[in-house]
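This report examines how selected residues are arranged inside a protein chain. Please keep the sequence and the structure in view while reading.

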Amino acid sequence: MRDHFRQEFTFNQRILNEAKAQVAAALKAVNNLALTNATIVTVHVRRTDYLAHVQNYYGQSPVKDIYYQRAFNFFRNRTNNPVFVVTSDDPEWCKKNFRDKDIVYGGGKDPVVDLAVLSLGDHHIITDGTFGFCGAFLGRGIIVYPEPTGWPIYPCFKTPLLQPISRS
């Protein structure tokens, strides 16, 4: 399904070039000589409008920084040289809560470019919602998502490429 999705949904070259430039700039911030062998893990953090929505509509508590730490460690324990490229509608919250040296920021002010940035990852960490899922689904590798309580979030997919991580 992923290959079909990628064929149907493509970015124009200007958007893709801008996304690649943002990822490259973010990777330079790591200052790691092993970047040629880096595993890019894109991270989508949706917070502003979604905090109340996920509570009201789904009865879920919004994901907290512990979910992200577990997700980061999931990839740190399974991949070589992971670099986490974060996109968010609340970058200040991210910069305050994510301070590890392998975490960089690649998002911008354009959601279409952010979606393209997410698609460039080798693996992905997402929050609740379709924006992060679509960006990750356009990419490669494993998609880590917050484990829901009481309902299946992706019941139509039965694959080890979707990995739930505890949200609390």
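How far is the sulfur of Cys94 from the closest cysteine sulfur? In this predicted model, the closest one belongs to Cys134 and lies 20 Å away, which is too far for a bond. A disulfide requires two cysteine sulfur atoms within 2.5 Å, and a search of the whole structure finds zero disulfides. The surroundings of the two cysteines are set out below.

| Residue | Relative accessible area | Class |
|---|---|---|
| Cys94 | 0% | buried |
| Cys134 | 27% | partly exposed |

The nonpolar interior is considered next. In soluble globular proteins, nonpolar side chains tend to be buried together. Here the largest nonpolar core has 20 residues, and Tyr68, Phe98, Ile125 and Val144 have the most contacts inside it. Two or more residues each come from strand E1 (39–45), helix H4 (65–76), strand E2 (82–88) and helix H5 (91–97). The largest share, six residues, is given by H4. Another core, of 19 residues, lies apart from this one and includes Ala26, Ile40, Val117 and Leu138.

Ile125 deserves a separate description. Beyond its neighbours within four places in sequence, Ile125 is in contact with several residues, among them Val41, Tyr68, Phe84 and Val144.

His124 lies in strand E4 (residues 123–125) and is buried, with a relative accessible area of 0%. Its side chain makes a polar contact of 2.7 Å with the side chain of Thr42. The side chain of His124 also reaches the backbone oxygen of Leu118 at 3.3 Å. Leaving aside neighbours within four places in sequence, the contacts of His124 include Arg2, Phe75, Arg140 and Val144.

Key: Residues numbered from 1 in each chain as written. Predicted model: local features only at pLDDT ≥ 70, side-chain atom pairs only at ≥ 80, totals over all residues. Heavy atoms only, no water. Core = buried A, V, L, I, M, F, W, Y, C linked by side-chain atoms within 4.5 Å. Buried < 20%, exposed > 50% of the residue type's maximum accessible area, 1.4 Å probe, protein only. Helix = DSSP H or I, 4+ residues; strand = E, 2+ residues; numbered from the N terminus. Contact = heavy atoms within 4.5 Å. Polar contact = N/O pair within 3.5 Å; in protein donor to acceptor, adjacent residues only side chain to side chain.
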